[in-house]
Amino acid sequence: QVQLVESGGGLVQAGGSLRLSCAASGSTLRLNAMGWYRQAPGKQRELVAITDDRRSTAYADSVQGRFTISRDYAKNTVYLQMNSLKPEDTAVYYCNALNVVGGSVRSHWGQGTQVTVSS
């Protein structure tokens, strides 16, 4: 079992920055990918950024060039540096981790952290 704990959310003015962290514990021997999703009120959860164990990264078009995902393998932690924040970035941000167990892909979620961007 994998446990994910997010931190770093909060209230920030438009144009500001925040850094989210997600620490993984438990069966973290092989986490094939880690990423961030977000869900705004009344909207579906959407992928924000993801990084895999080949250190490849991918971003949603809406955050490309403003957000950066990184992973510290020694600390089993993934980060999301968010710059030039916009009010439309307001959402609950969830950390996600994927691993393969017995040939099946398992998805693990954190509890979420609120990010609010004021105009």
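This report describes the strand pairing and the disulfide of a predicted model.

Strands of a sheet pair through backbone hydrogen bonds, and the pairing may be parallel or antiparallel. In this model, four strands make up an open sheet in the order β1-β3-β8-β7, and their pairing is antiparallel. The edges are formed by β1 (2-7) and β7 (67-72); each has a single partner strand, so one side of each is left without a neighbour in the sheet. On average, neighbouring strands of this sheet are turned by 15° against each other, direction ignored.

Within this sheet, β1 pairs with strand β3 (residues 18-26) in the antiparallel sense, over six bridges.

## The pairings of β9

Strand β9 (residues 91-101) is joined to strand β4 (residues 33-39), to strand β11 (residues 113-118) and to strand β10 (residues 104-109). The table sets out these antiparallel pairings.

| Strand joined to β9 | Residues of that strand | Bridges |
|---|---|---|
| β4 | residues 33-39 | seven bridges |
| β10 | residues 104-109 | six bridges |
| β11 | residues 113-118 | three bridges |

G35 has N96 of β9 as its bridge partner. V92 stands opposite Q114 in β11, and A97 stands opposite H108 in β10.

Strands β9 and β10 form a hairpin with two residues between the strands, and in this hairpin G102 takes a positive phi near 60°.

In a regular strand, the side chains alternate between the two faces of the sheet.

## The disulfide

How many disulfides does a search of the whole structure find? The search finds one. This disulfide is formed by C22 and C95, whose sulfur atoms are 2.1 Å apart. Because C22 lies in strand β3 and C95 in strand β9, the pair ties together parts that are 73 residues apart in sequence.

Is the disulfide of C22 and C95 left-handed or right-handed? The torsion about its S-S bond is about -80°, and the disulfide is therefore left-handed.

Are C22 and C95 buried or exposed? Both residues, C22 and C95, are buried.

## Connecting the two descriptions

Note on methods: Residues numbered from 1 in each chain as written. Predicted model: local features only at pLDDT ≥ 70, side-chain atom pairs only at ≥ 80, totals over all residues. Heavy atoms only, no water. Pairing = 2+ DSSP bridges. Axes fitted to C-alpha atoms, helices over the stretch in contact; angles between N-to-C directions. Disulfide = S-S within 2.5 Å. Buried < 20%, exposed > 50% of the residue type's maximum accessible area, 1.4 Å probe, protein only.
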